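Good morning, and thank you for coming.

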Amino acid sequence: MTASAAPRLRAKTRPGDRVFSGTAITAGSVIVAILAAVAIFLIAQSIPALTVGADDLKGADSFWSYVGPLVFGTLWAAGLALVLALPVALGIALFISHYAPRRLAQALGYVIDLLAAVPSVVFGLWGIKVLAPMVLPLYVWLSDNVGWIPLFSGPVSGTGRTILTVAIVLAVMILPIITALCREVFLQTPRLHEEAALALGATRWEMIQMAVLPFGRPGIISAAMLGLGRALGETMAVAMVLSPSVLISFVLLQSQNPTTIAANIALNFPEAHGIGVNVLIATGLVLFVITFAVNAVARVVINSRKAFSGAN
Amino acid sequence: MSKRIVVDDLNVFYGSFKAVEDVTLAIEPRTVTAFIGPSGCGKSTFLRTLNRMHEVIPGARVEGKVLLDGDDLYAPGVDPVLVRRQVGMVFQRPNPFPTMSIRDNVLAGVKLNNRRMSKGDADELVEKSLQGANLWNEVKDRLAKPGSGLSGGQQQRLCIARAIAVEPDVILMDEPCSALDPISTLAIEDLIEEMKNDYTIVIVTHNMQQASRVSDRTAFFNIAGTGKPGKLIEYDDTATMFSKPSVQATEDYVSGRFG
Amino acid sequence: MGGLFAILWLSGSMTEFSLVGTVFFGTVLYAVLIFAVSSVVEGGRKAKDRLVTALVTTAFVIALLPLVSLLSTVVASGLARFDPTFFSYSMRNVVGEGGGALHAIVGTLEVTGMATLMSVPIGLFTAIYLVEYGRGHLARAITFLVDVMTGIPSIVAGLFAFALFALLFRDPGVRFGFGGAVALSVLMIPVVVRSSEEMLKLVPNELREASYALGVPKWLTISKVVLPTSVAGITTGVMLSIARVIGETAPLLIIAGFTQSMNYDLFSERMMTLPVFVYTQYQNPGSDVGAYLDRAWAGALTLILIVMALNLIARLVAKLFAPKLSR
């Protein structure tokens, strides 16, 4: 019995198992390799740009003074977009999670997700052909009535193609992602906290103030950060709506507007040659670093929530 | 078909935490052995070491020997996959494969291992296994329906049919009735009684009445406190364990003074 | 944003009746009225509650405005050239009217298809590694890097593909379809990994244990129990990831370039894609601006229809084919 049974328990390692786990590890390693390649190739192609002379930089005297206004434009446009989008996104998320009838809520979520499905080039087309003419009267009104605020000083651009229009388009584009994340967080609010607040006689809004918002704050922050990350890297909408010029300016309504890194690349890359290509790639690397930093902040906030969420 | 299990000085660790300490016992073929004890005493963990299922949990490892008719399950070169074909297992919650029909669930052990089988042989195996699990009469008209459509008790018997279709020597049951209602529990207990003619059966249970009803031998595990390893306190004939156990802790437990 | 739209409608476009404007003003008016009435009748706390309810509802309506405006514009303007010619001709030798986007549609299908072929195996197996095998440093590194990859701006992905192939082929003006597929893969892989990972995690551990207990080796357990149980969810995730990259413009503009002619070969010459088609039609109009713009809108409509269809099918797959887990 022993003699016949012993071989039944022993077996060579299965080729299937080794091939399968090998494939899985390889696939995982490919991702490591891809990211390493992204970093290496971008850096390799960027290095020549750092020492480039003024001739190839459209007037700027060094790479850093060339990329400076672009960085400003990128942050400015994305920041404006976030300011516009965040309150609305919070409202929608609350509406779906705590106000809308339960049966409707999911359908409403889908409707907002539809916005995320619209390709950016279509947003660009819409922004320039529909939104810009539509907001122009508003800009005139703003500049006439609150023009004493430097932000809104004139003369108003004749086309409506200003940084504010870009910011509105970007806001619409990042609305779905911020909404979706906030909605998830709000839905996770511990039922007991909510019921405790309601049991104390709070109105729905007071309950949200007491239970939902404090619980969701880290989630809201990280959602905003991820939305900002999206807005920073968005290319086509900006490239199509803005008539670009390279400068640092805070005014919202005039025809001279700072452009963004991504849009600058998209507009100039098809015609770029020689060292110009390297300069553009280097600006892309700068953009990558900025979005990486923003996303890293978002991730840190999310992780801190995981550690602290006492409510499980 | 039925085999003898001898456990010699077995320790189980999760990482650096020792979960079970110094277990030595022998389980005879064609018997039902019950493991009882309070929660967290390591009886389920120990059960899993009898077919190396604990290896699924990251960081779990054992020291010591488990002999199945003299073959050490933990000898170098032993393949856990082949161990599990000889030592089957039924879990706490019924877990039929949701993507498979009742018939395919019974044949899962064959089909998942890519083994070829003629339709006649397969039909025969399905009927034999379902008969063996007392389920044939209830499902013979709907073998093509998904297994998840059955009641909880039927699902658990389907899982037993699935386990015996592999033709193991030993069947381990980890609290097989804890998710079931009393009538389904009775059906399973009757089934265990019949199955012990063919298999060595080891069952973990929280229910002392169940242990006294179905088992021939009973092992009592206990734990000195949280963070301490579980130990085998006493192992004897079931009748002795429940009437005049030799250790005070066993007496306290079976009489319901703690646990 | 709400305030913007409010003043906007007040100032300019109120001359003619507009459904969008009416809906918006109805809501704003409601918010003001309900707050006023409630603070008189029910007192401050209740009134505040009602005001917030109205504001939150308004936020939702505001979000609908651009969506409705965008979709109606695209449909209205896109239908003008949404005709058989559009789907059966390229832009070769077309100046002014006529012409179509066949070359761009073919290009989009080829590039996206190629990207899917590369991303799905890598993404799926990475997810399998992370869920079924991964422990320790490599798994943690991969999880982190997938997070980083999720945040790569699409244009940077395009630049990467360009930098890679420009160095590889020693051609500073390299443009071809396969490069576009590589760029899209960089964007697609993290999405596939994330969604597949979620789906694999949803498969109850009990099913894996049941399979192991039957003496089934790990790789067969994964390929015959875990994957079939989660296949509907994984398919949904893949389709959504396709929907996400099929509308990408910037990376394709950089590495696939643009052309007026058919090109079926992913590995040589510039290749037109639908989003880039829309962009170039708008950006470089010839003498007959209207004809170019009409084609741009028709392209936008086609693109939106494809994306919507993908989303819809994905959701249907998730609904219809997901196995019912006992949980």
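**Domains and contacts**

In chain C, the C-alpha centres of domain 1 and domain 2 lie 37 Å apart. The bounds, which come from an automatic or database domain assignment, are 2-81 for domain 1 of chain C and 102-321 for domain 2 of chain C.

Before going further, a word on conventions. This is a predicted model, in which local features need pLDDT of at least 70 and side-chain atom pairs count only at pLDDT 80 or more, while totals for chains, interfaces and linings use all residues. Residues are numbered from 1 along each chain as its sequence is written, and chains are lettered from A and ligands numbered from 1 in the order in which they are written.

How many residues of domain 1 of chain C are in contact with domain 2 of chain C? There are six, and they meet seven residues of domain 2 of chain C; contact requires that the C-beta atoms of two residues, placed from the backbone, lie within 7 Å.

Let us turn to the chains. Chain A brings 72 residues to its contact with chain C, and chain C brings 78 residues. On the side of chain A, helix α2 (residues 15-50) gives the most, with 20 residues. Helices here are DSSP runs of H or I, at least four residues, numbered from the N terminus.

Finally, confidence. The model scores ipTM 0.90 and pTM 0.86. Chain C has a mean pLDDT, the predictor's confidence in each residue from 0 to 100, of 84, and 91% of its residues reach 70 or more. Over residues 10-17 of chain C, however, pLDDT stays under 50.

Conventions. Helix = DSSP H or I, 4+ residues; strand = E, 2+ residues; numbered from the N terminus.
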